[in-house]
Amino acid sequence: MCSTQQLLNKVAKSPARLTGKVTPSFYDIKIIPDIAAATFCGEETITLYLQEAVSVIVIHAAELTISKAVLRNDAGSSFISTVSFDEEKQQALISLEGSAGPGEWFLHLSFQGILNNRLRGFYRSSFRDADGSEKLIATTKFEPSDARRAFPCFDEPEFKAVFQISLLVDKGLTAISNSPINSEREMEGGKKLVSFAPSLKMSSYLVAYVVGDFSASEPVFTKSSVPIRVCCVPGKKHLTAYALKWAKFSIDFFADYFGIDYQGAKLDLIAIPDFASGAMENFGAITFRETALLLDETQATHAELMRVAEVVCHENAHMWFGDLVTMDWWNGLWLNEAFATFMAALAVQAFMPSWKFFEGFNIFKAGAMRIDGLHSSRSIEFPVESPEDARAMFDVLTYEKGCAILRMLELYIGEEVFRQGCATYMKRHACLNTETADLWNALAEAVRNAGLSIPVDELMDTWVFQQGFPLVSVERAESEGVIILRQRPFRYLDEGSTPQGLWYVPIAIRAGTSDGIIEKVFLLKQTEQRFYVGENLKWIVINADGQGFYRVSYADELAQQLLSHLSELSAPERFNLASDLWAATQAGHLTLDAYLARLRIVLSEETDSHVFALAINSIGYLRRICAAGGPEHFNDLVNLAKQLFEPALIRLGWEPKASESPQDAELRASLVSTLGSLGEKSCCQKVESLWKQYLSDRKSVSTNLLPALVETTASHGDASCYDQMLKLKESASTPQEETRFLFALSHFRHPELIERTLASSLNGQIRVQDVPQMIRSLFLNPTGGLATWNFVKAHWDKMVATIPLQGIIRLCDGITALVNPELEPELKEFFATHNIKGNEKALAQNLETLTIANRFLLREREQLGSVLAKNTR
Ligand SMILES: [Zn+2]
């Protein structure tokens, strides 16, 4: 993939970036926030190295003023400078009166800025204390490129430096930063000066400081005696034990895995009431949204327990992948994010094997494949020029596809070989920056040391530098025991031209023969290859264990054999079978009729929650198709869902069993919410009685079932029920409970209640951090799609002005629910003139997804009624 690599290198030298002729090594920064006035001022001295003589120093700065700039060196030379700004490039140009020669210099800057409300840079958050009065917090979130909103800096990941921070704050407040406190000095005017120890040598986007009324848990200690604390606003300290447990386990786990101890002198995990994403891996001071960190283990659902565990492990993994070793530039973001996702999976799997993390991960992998099957997808490594481009990289392709291909490689070369490669990479590049090739070199070395001959770089380049993934078709060859495998790119839309692409696909197979089970692994490198499996084949499964990132299409005969040997398949294999069938149906390769007939066979004996999740997802899709293309067939759809899902619900029963797995508890809840949301009568009656029971005794209903009860109740609820949910939200005792009742508001279907929720999303009643998810959920509301679309159109400018970019991207995801061929041109027209920079790729993906659904509708509309009726018989 030489040409792609060259392209990326070329973009890396784009004019939007700093030249590298001036490099920082040390920042001494003092910040003085005025939280009430929403402003701050600061002073910094940056130790610089000039490679050659310069008369202008270019540094990043945005929404800042710089009132003073002086450059001096130890030889006594000094320059007074004038400062101008290039707003588009977010740069300050510091023009010297003369020219400074090569060598070490000290740049002293005085600057002023605003504490914004947009959850980026240095911003304000708030909470209500026990008396109900509002308290303010000042906090930071810099990734990818918002450190420049807090202090002038060389704001690109390759300019690693040591940061020494001090904060002048009110005496009663707590100040936290990346490193431990070195000293605290009382100052006049009720202030104190908190000085932190110098940081690890790191990128600017990893700097953090937080000021407010915070309390901290007692520390727990890692194996190497580093204290870990969880910090939160007052009144929530009792929700910190669960995260602490995971934090300690994962730090020790990663230290063993890499053979390198955590490099900080302390680690704080800080819950921030307003936070744009899930969490941010600032070295030594990781910030989280409250729901991703604080939790009451006795009152949380399995999904909520899993989320906190996963986010804590993910962020802790970043202390190595991301913070200690950092990508050169944002095109390599996957080196951070795919690895953190993957390492978190390993840690969760190790701590709680019964959760079967990688089986559940298949659902996320399917989400990445949904995007990666689009023409508008992108390669994992992708040219990044501007900060907006960088922000758009935080998507399922970077995280989930990246994680999935790492898992595929790990299983192919072996877990221990893979670990050794990662450890080498980490040791070799500690405190430095890397490119993808550095990782392949380290892994290839481990592969060679193990005596294997696997071309790691050639293999992985086909997955990292090329968009999409293959559809592998399989059929029997004429000679006994031989199969023919073919690969071609999988796309939902066939636009006439055949898409190009060739991958190195590790293909694990398992086959049943009259002599027993055969397991083999092949490497498919060409468009067509023959492989000898073994004689007397009764059935064969391709992508055995289900961890490969590709889809499979079986020749009819093999598909039938597989369907009659389902009990031979593992749960991930059955998941992939159903997932591949559904993708083929959406792409028009399989009729809806054939899909439903096969799904009925798959589900007839099914017990796995993930296979059901896939089926439930496809029924949800059909519901939208039905609403747009034949509402008169809705009853048939409800009957179909009842036939598919009720037997599993009856098997599980409504009462949780003492010995049941968390997956069973989740399955029960998703079956109830599916049937309940469709208005299936007996399910709704049972939900109604359980909801009454819950209101009179909160402990009488299983927590795992509660989200399904809330959603179903809201789906069919009236205005008084709406007020009740609001009250429950106000009195919630955990962040998870608060979120549950908050998002219940998006499920009410009465038009007035939909309008009420829409209005509250922009009038300050709902926190900005929750607005994108709320609007997205309203798009998915069976009666809310159009009203939400009209609202978004009417308030687009205001949304763009108040919601962070990643929120806009998330919110726009909801338009995929607007299935209606007549509406499609209007959507395209609107976004042709109303989009924002950074959202282009995601938006194109949403619009293409919508086109796929509309074509599905046009293809199946005529026979929809008869197909649904036939398959409910
Ligand atoms: Zn991450």
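Me: How much of the protein counts as buried?
Reply: Of its 873 residues, 59% count as buried. Buried means under 20% relative accessible area, exposed over 50%, and partly exposed in between, with a 1.4 Å probe and protein chains only. This is a predicted model: local features need pLDDT of at least 70, side-chain atom pairs count only at pLDDT 80 or more, and totals for chains, interfaces and linings use all residues. Residues are numbered from 1 along each chain as its sequence is written, and side-chain values use heavy atoms, with hydrogens and water left out.

Me: What's the radius of gyration, and what would a compact globule have?
Reply: The protein has 28 Å. With 873 residues, a compact globule would be near 29 Å, so the two agree. The radius is taken over C-alpha atoms, and the globule rule is 2.2 Å times the number of residues to the power 0.38.

Me: And what box do the C-alpha atoms fill?
Reply: Roughly 90 × 65 × 55 Å, along the principal axes.

Me: How many helices and strands?
Reply: 28 helices and 29 strands. Helices (H or I, at least four residues) and strands (E, at least two) are DSSP runs, numbered from the N terminus.

Me: Helix α20, then. Why is it largely enclosed?
Reply: Eight of its 10 residues, within 735-744, are buried, so the rest of the structure largely encloses α20. The buried ones are P735, Q736, E737, R740, F741, L742, F743 and A744.

Me: What covers them?
Reply: The cover includes α3 (302-318), α17 (681-696), α18 (706-715), α19 (719-730) and α22 (771-780). Contact here means heavy atoms within 4.5 Å.

Me: Switching to strands. How many residues of β10 are buried?
Reply: Seven of the nine in β10 (residues 162-170), which is mostly covered.

Me: Which strands does β10 pair with?
Reply: Strand β1 (residues 22-34) runs parallel to β10, joined by six bridges. There, F26 stands opposite V162. Strand β13 (residues 191-196) runs antiparallel to β10, with five bridges. There, L167 faces V194 in β13. Two strands pair if DSSP finds at least two bridges between them.

Me: What order do the strands take in the open sheet with β24?
Reply: The four strands run β27-β24-β23-β29, with mixed pairing. The edge strands are β27 (528-532) and β29 (551-554), and each pairs on one side only.

Me: How do β24 and β27 pair?
Reply: Antiparallel, over five bridges, with β24 spanning residues 482-489. V482 has Y532 in β27 as its bridge partner.

Me: Salt bridges: how many?
Reply: The structure holds 43. A salt bridge is a side-chain nitrogen of Lys or Arg within 4 Å of a carboxyl oxygen of Asp or Glu.

Me: Where do R17 and E156 sit?
Reply: R17 is in the loop between α1 (2-12) and β1, and E156 is in the loop between β9 (134-141) and β10. They are 139 residues apart, so to speak distant parts of the chain. Their side chains meet at 3.4 Å, N to O. Both R17 and E156 are buried.

Me: How far apart are E410 and R407 along α7?
Reply: Three residues apart in helix α7 (residues 397-413), which means about one helical turn.

Me: Where are E573 and R510?
Reply: E573 is in helix α12 (residues 571-586), and R510 is in strand β25 (residues 505-513). Their salt bridge is 2.6 Å, N to O. E573 and R510 are buried.
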